[in-house]
Amino acid sequence: MTVATEATPALKLTERINRIEPSATMAVVAEADKLRSQGIDVVDFGAGEPHFATPQHIKDAAIAAIQGNFTKYTAVGGTPELRDAIVHRHAVDFDSDYRREDAIASTGGKHVLFNAIQVLVDHGDEVILPVPYWVSFKDIIRYAGGIPVYIETDESKGFAVTADMIERAITPRTKMIILNSPSNPSGAVMSPEDMTAIVKLAAQRGIWVVSDECYVYLNYTGRRFSVGSVRECRERIVVVGSLSKTYAMTGWRLGYALAPAAVVSAMQKLQSQSTSNPTSIVQKAAVAGLKGSQQCVEDMRTEYIRLRDHVVNGLRSIPGVTCNMPGGAFYAFPNVSSFFGRGGLKSAADVAGRLLRESHVAVVPGEGFGTREHIRVSYATSAAELDRGLERMRKFLGSL
Ligand SMILES: Cc1ncc(COP(=O)(O)O)c(C=O)c1O
C-alpha cells in the first residue's frame, strides 16, 4: 500500500478514468516486447497490424509533403482535398452520395470512434454491442458515461448479428448500436441484408448506428458492403473508416468518419479542443492512398486470403482446437475451451498466458473481447512465421 505523505500526495484520478481499463491487446504486445528484450525468440500473433510495408506511392507523397513544407496546421477536420478524397473513395466503392461537410479526418479510426461516441452518447444511454467485440468499444462507451448492452452471438452460426437479435435488446434508453464487419476479433462478416435490416430498424426507432468499417476492404466473401450505401438511412449512420489496415498505415494514424454534417461538426468541435488536425504530412499521404491505384489493396487482400487458409488449416489440424473460417480482417479466432480442466487451465487467459510464457507464442485471450473460450491469432505475418507458431502451439497443447 502506498502511504500518502506531504511530498507524495495520494493520487486521486477522476471517476471517469477509473471507469476504463487499458487495452488487452496492448498488454499482450507489451509482455511480448518484454520477453523479446530479454533475448527470447517470440512468435508474435498478438499485434493487430499488417505485416506489409506502406505502399511506395503513399510514402512518396509524404516525403513530397515534407519537402514542399506542407508542415503547418491545417483545418481541424482535415484539408478540403482530403475530405473530398474520402468522399470520392466511398462513392466509387460503395455508391454513396456523401458531401465534403459529411466527412472528417482524425488521428486514426480509434480517435474517430472516441469522438463519435463522445458527441452522441450521454450519461445513462445504452449502447448495443454484439459479442465478441473489439476491445476498445466497451471502454470508449463507458468513458462517455454510456452503458454497454451486450448481445451474445452464436459461434456455430458464424457469430451472425441479425436485426431480430438487435430488436430484442432495444429499450427506451437505447441510443446507439455498434456494428463491426468484418469483425475484430472473429473475422466474421455480416451479410449486406442483415446490415441493411439493422440500419433500417435503427432509423425507424431513432437510434444511431456506428458502423466500424476499418476492415471493409479486407473482406474475402466477395460481398463487400458499407452501411453508408443505404442512403435513405444516412441521417442515423456514422461510418467509421481507417487507412491503418487498408493501406498498411497503422503508425501514420489516419481515420475518418462519414456522418450527418451536424455530427461531423460536433466531432470537429471536440477535435478542435483536443488534438486539432491529423498530421499535415499524413493527410497528403492519405490523399495519395485514397485517390491512387487500389491495386495495392487488392494485392494485400489476395495474400491475406492465402494466409487465412494456411492458418485456419493449421489450427484445425491441432487436436482439440476448432476454428470458424473468418470472412474478413486478418484474425483467426479458434475455440480452445476443450483444453479447460487440463494442466490447470481454466480460461482463454490461462491458455494465452501459458502459451506466451512457456512456448513464446503471443496471442490475445478472448476475455478482452467478451469471451472466455477463444484466443485471437493475427495471421498478418509470413506463412513461415505462421508455421513456426503453429508448431509451438501444437506441442504445447499436445502436452496437456
Ligand atoms: C475494429 C477496429 N476498429 C478500429 C481500430 C482502430 O484502428 P486505427 O486507430 O489504427 O485506425 C482497430 C484497430 O485495431 C480495429 O480493430
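Helices here are DSSP runs of H or I with at least four residues, numbered from the N terminus. Keep that in mind while touring this predicted model.

**Stop 1: the ligand shell.** Select the ligand and the residues around it. The shell counts 13 residues, and the closest are Gly109, Asp212, Ser242, Ser244 and Lys245. Which helices each supply at least two residues of this shell? Colour α4 (109-120) and α8 (243-246): these two do. Now colour the shell by residue class. Six residues are polar, four are charged and three are nonpolar.

Stop 2: Show distances from the ligand.

- Start at Asp212. One of its polar side-chain atoms sits 2.5 Å from a ligand nitrogen.
- Go to Ser242. An N or O atom in its side chain is 2.6 Å from an oxygen atom of the ligand.

How much of the ligand does the protein cover? On its own, the ligand has 400 Å² of accessible area, and the protein covers 92% of that.

**Stop 3: the pocket.** The ligand takes up the space of the largest pocket.

**Stop 4: aromatic pairs.** Select the aromatic rings. The structure holds 11 aromatic pairs. Zoom in on one of them, Phe94 with Tyr217. Its ring centres are 5.8 Å apart, with 45° between the planes, a tilted pair. Phe94 belongs to helix α3 (residues 80-94), while Tyr217 is in the loop between β6 (208-212) and β7 (237-242), so this pair ties together parts 123 residues apart in sequence.

Methods:
Residues numbered from 1 in each chain as written. Predicted model: local features only at pLDDT ≥ 70, side-chain atom pairs only at ≥ 80, totals over all residues. Heavy atoms only, no water. Near = heavy atom within 4 Å. Polar contact = N/O pair within 3.5 Å; in protein donor to acceptor, adjacent residues only side chain to side chain. Areas by Shrake-Rupley, 256 points an atom, 1.4 Å probe, with all protein chains shown as cover. 1 Å grid on protein atoms, 1.4 Å probe; cavity = no way out; pocket = protein on both sides within 12 Å on 5 of 7 lines; lining within 4 Å. Sits in = over half its atoms within 2 Å of the grid points. Nonpolar A, V, L, I, M, F, W, Y, C, P; charged D, E, K, R; others polar. Phe/Tyr/Trp six-rings, centres within 6.5 Å; stacked < 30°, edge-to-face > 60°.
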